Amino acid sequence: MSLERKKLCAALAVLFILNIAVIGLAQRAEAVTYKQGSTGSVVTQIQQKLLNWGYYSGSVDGVYGSKTVSAVKYFQRSNGLSADGKCGPKTLAALGINVSETSQSTSGDVDLLARLISAEARGEPYTGQVAVGAVVMNRVASPAFPNTMSGVIYQSGAFTCLQDGQFWGTVTDSAYKAARDAINGWDPSGGAIYYFNPNTATSSWIWSRPIIVTIGKHYFCS
């Protein structure tokens, strides 16, 4: 094979590799674009952010419907972004949403947290259910506790529902929604790592913890 032919083959090989890379980048860009019809935990997080900041007044249900599109356009217009109603990389960044971090939360985590919330906070106001989930998330982030959700929940003596069997009961629909909200960063507890019911608490130690907020029947504390 002549030198010129070898150079041509090498150039074609490089061009082929570059084309594959461009396709891969395009697919990844498409993968992190959320639009009407999209569903899931990232959509829930988008809706919650927009709701918290006054751009959205619909349900935080994880379904990217027409109200979410309108809210995203409103947010985009207010922040100098192209108002197409889609949440691509720029809009997600403006919302403070890191998709790579969000995707680390598996459906197994949601199921596990929902089971705990249902057992510990069934019958509590919805904000109180999310707050219980937030306590778990705060513990995962704290060096004083295990660094995984399963480690925190199954830690010996941490939650009474694992001792009395309620953890294995039927999980309410609201608990699943609350679990997703807590995983996506909503923290009505104000950063609490403990909570207790003052009407049933028997530990004198828990009463020594500084109370941050009261939601429903629970005191949330640091």
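Trainee: Is C161 buried or exposed?
Mentor: This is a predicted model, where local features need pLDDT of at least 70, side-chain atom pairs count only at pLDDT 80 or more, and totals for chains, interfaces and linings use all residues. Residues are numbered from 1 along each chain as its sequence is written, and side-chain values use heavy atoms, with hydrogens and water left out. Buried means under 20% relative accessible area, exposed over 50%, and partly exposed in between, with a 1.4 Å probe and protein chains only. Because its relative accessibility is 1%, C161 counts as buried.

Trainee: And which class does C87 fall into?
Mentor: Its relative accessibility is 0%. C87 therefore counts as buried.

Trainee: How many disulfides does the rule give?
Mentor: A disulfide here is a pair of cysteine sulfur atoms within 2.5 Å. By this rule the count is 0.

Trainee: Which residues touch the most other members in the largest nonpolar core?
Mentor: A nonpolar core is a set of buried Ala, Val, Leu, Ile, Met, Phe, Trp, Tyr and Cys residues joined through side-chain atoms within 4.5 Å. The largest one has 35 residues. Those touching the most other members are L113, L116, V136 and F220.

Trainee: Which element gives the most to this core?
Mentor: Helices (H or I, at least four residues) and strands (E, at least two) are DSSP runs, numbered from the N terminus. At least two core residues come from each of α6 (107-121), α7 (126-141), α8 (149-153), α10 (173-183), β1 and β3. The most, 8 residues, come from α6.

Trainee: What does V136 touch, not counting residues up to four places away in sequence?
Mentor: Contact means heavy atoms within 4.5 Å. With that cut-off, the partners of V136 are L113, L116, M149, V152, I153 and F159.

Trainee: How many residues are in the other core, the one lying apart?
Mentor: Its members include Y34, Y64, A71 and C87. The number of residues in this separate core is 15.

Trainee: Where is G133, and what is it in contact with beyond its neighbours within four places in sequence?
Mentor: G133 sits in helix α7, and it counts as buried because its relative accessibility is 0%. Its C-alpha is 8.4 Å from that of D181, 48 residues away along the chain. Leaving those neighbours aside, the contacts of G133 are L113, I117 and A182.

Trainee: Which class does D111 belong to?
Mentor: D111 is placed in helix α6, with its C-alpha 8.9 Å from that of V171, 60 residues apart in sequence. Because its relative accessibility is 40%, D111 counts as partly exposed.

Trainee: How many bridges join β2 to β3?
Mentor: Two strands pair if DSSP finds at least two bridges between them. Strand β1 (residues 194-196) runs antiparallel to strand β3 (residues 218-221), with 3 bridges. Strand β2 (residues 211-215) is also antiparallel to β3, and the number of bridges joining them is 4.

Trainee: What is the phi of G216 in the hairpin turn?
Mentor: The hairpin is formed by β2 and β3, with 2 residues between them. G216 lies in that turn, and its phi is positive, at about 60°.
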